Amino acid sequence: MVASGFKYNGTKKVFFAKYKDGKWENGSLTDSLNFEISALASALQYGQSVFEGLKAYRAKDGRTLMFRVDKNYERLLRSSARLLIPEIPKELFYEGILETVKANRELVPSYESKGALYVRPSIIGTESVLGIRSANEFLFFVVASPVGNYFNDGFKPIKLYATDFDRAAPNGLGSYKAGANYAGSLYAKKEAVEMGYDDCLYLDPKTHTKLDECGASNVIVITHDNKFMTPQSDSILPSITNNSLQILAKDYLKMEIIRKEIHLDELDGLKEFGAVGTAAVISPVGLIHHHGRDIRFKSHDILEKLYGLLTGIQFGDINENYGWVIEV
Ligand code: PLP
Ligand code: COI
């Protein structure tokens with residue numbers, strides 16, 4: 001199985017479980033993505049929805065592997081609490097993920113293709129609401145579909161447009177994986193793509209002078225003396241990929257990790273720039289455009305080494321002792 005691009009490429013089975021009368025009910029697999037929902041569901045009207053994104057990888061020997069699923073569970077709970085969505089039990093979350101991956105195993109792309117089965121657990125408010133309040137009924141579902149690269153094929157640098165739009169407000173939802181953040185980013189991304197860029201780079205919403213993140217990924221920077229830098233900000237999603245790369249950079253490449261506010265003015269003096277996330281993996285950035293100025297990054301040697309380590313672990317080529325990889 002080979003999947004090209006990051007888009008919905010079909011699925012076989014979807015897992016659904018309901019929350020009603022104060023408790024989560026047992027879940028089950030169905031054949032269809034479609035379900036009936038009230039037009040006044042809180043998810044549709046007021047964006048009461050949270051989700052996660054993770055992947056299942058095909059190892060060289062045919063096994064199906066997943067990476068740091070526990071971190072996605074923790075982040076889903078954190079997002080749920082912020083959106084008044086009831087805590088999903090760990091057993092139900094794992095059952096949903098594992099049953100969905102097993103039922104769609106034949107859709108996991110081949111090892112050689114370097115694609116993966118993208119897994120999207122989501123929780124949405126389904127009760128009808130009119131006044132602004134949380135629903136009391138929810139639906140958890142897990143959809144899986146094969147995907148290829150989010151940006152370019154291979155390790156080809158992308159171009160980012162530093163937008164004046166914000167994806168998050170100070171003390172808003174920026175650090176949570178809420179559907180609403182992505183609704184707010186659609187216009188900015190369309191504008192950037194129409195101007196020939198691959199994605200937007202969002203700046204800090206208070207001062208518009210510091211780096212935040214991209215619409216679907218964190219950013220990392222490598223300095224000329226090979227230090228790993230990543231923005232410290234309250235309005236970015238705590239990326240599991242970024243966290244993993246920091247650990248790998250420190251342990252394997254003996255790099256110093258610096259989390260700090262990164263001003264746009266500093267970028268000229270930096271060596272490599274990458275967009276990192278489950279979908280983006282590590283995408284090297286060749287150019288950032290901001291207010292008539294182009295900032296270029298010509299090298300991506302360290303990013304390539306990190307890419308080799310991360311994907312080597314995810315696809316089972318490199319053994320790890322962190323307890324990150326599970327077989328499904
Ligand atoms: N930032 C945003 C806004 C994202 O949507 C994602 C994707 O999940 C990330 C960062 C990267 O997070 P992760 O590495 O956990 O996939
Ligand atoms: C992911 O990388 O898993 C994401 O959720 C990004 C997605 C919004 C395209």
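Visitor: How many residues of domain 1 are in contact with domain 2, and how many residues of domain 2 take part?

Guide: This is a predicted model, in which local features need pLDDT of at least 70, side-chain atom pairs count only at pLDDT 80 or more, and totals for chains, interfaces and linings use all residues. Residues are numbered from 1 along each chain as its sequence is written, while chains are lettered from A and ligands numbered from 1 in the order in which they are written. In this model 16 residues of domain 1 are in contact with 12 residues of domain 2, where contact asks that the C-beta atoms of two residues, placed from the backbone, lie within 7 Å. On the domain 1 side, strand S4 (49–51), strand S5 (54–58) and helix H2 (69–82) each supply at least two residues, and H2 gives the most, with 6. By class, that side of domain 1 has 4 nonpolar, 5 polar and 7 charged residues.

Visitor: Where does the protein chain divide into domain 1 and domain 2?

Guide: Domain 1 covers 14–147 and domain 2 covers 158–313, with bounds that come from an automatic or database domain assignment. Taken over C-alpha atoms, the centres of the two domains are separated by 26 Å.

Visitor: Why is Ser110 called partly exposed?

Guide: Ser110 also lies between the limits, because 14 other C-beta atoms are within 10 Å. It is found in the loop between helix H3 (90–103) and strand S7 (116–125). Ser110 and Met1 are 109 residues apart in sequence, yet their C-alpha atoms are 5.5 Å apart in space, and the residues that Ser110 touches, not counting those up to four places away in sequence, are Met1, Val2 and Arg58.

Visitor: How do you know that S16 and S17 pair, and in which sense?

Guide: Two strands pair if DSSP finds at least two bridges between them; S16 and S17 have 4 bridges and pair in the antiparallel sense. Ile288 stands opposite Ile295 in S17, and the hairpin has 2 residues between the strands, with His291 taking a positive phi near 45°. His291 is exposed, because it has 8 other C-beta atoms within 10 Å.

Visitor: In what sense do S13 and strand S14 (residues 257–260) pair, and over how many bridges?

Guide: S13 and S14 pair in the parallel sense over 4 bridges, and Phe228 stands opposite Ile257 in S14. The chain crosses from S13 through H6 to S14 in a right-handed β-α-β crossover, a name given when, with the strands pointing away from the viewer, the path from the first strand over the helix to the second runs clockwise. S13 (residues 228–231) has both faces covered, with Phe228 and Thr230 on one side and Met229 and Pro231 on the other, all buried.

Visitor: How do the residues of the shell around ligand 1 divide into nonpolar, polar and charged?

Guide: They divide into 3 nonpolar, 8 polar and 1 charged, where Ala, Val, Leu, Ile, Met, Phe, Trp, Tyr, Cys and Pro count as nonpolar, Asp, Glu, Lys and Arg as charged, and the others, Gly among them, as polar. Among the residues surrounding ligand 1 are Glu213, Asn218, Ser239 and Thr278, a residue being near a molecule if its C-beta atom, placed from the backbone, lies within 6 Å of it. Helix H6 (residues 240–253) gives the most to this shell, with 3 residues.

Visitor: Which residues surround ligand 2?

Guide: Ligand 2 is surrounded by Gly53, Tyr182, Ala216, Gly277, Thr278 and Ala279, a shell with 3 nonpolar, 3 polar and no charged residues.

Technical notes
A residue is buried if 20 or more other C-beta atoms lie within 10 Å of its own, exposed if 12 or fewer, and partly exposed in between; C-beta atoms are placed from the backbone.
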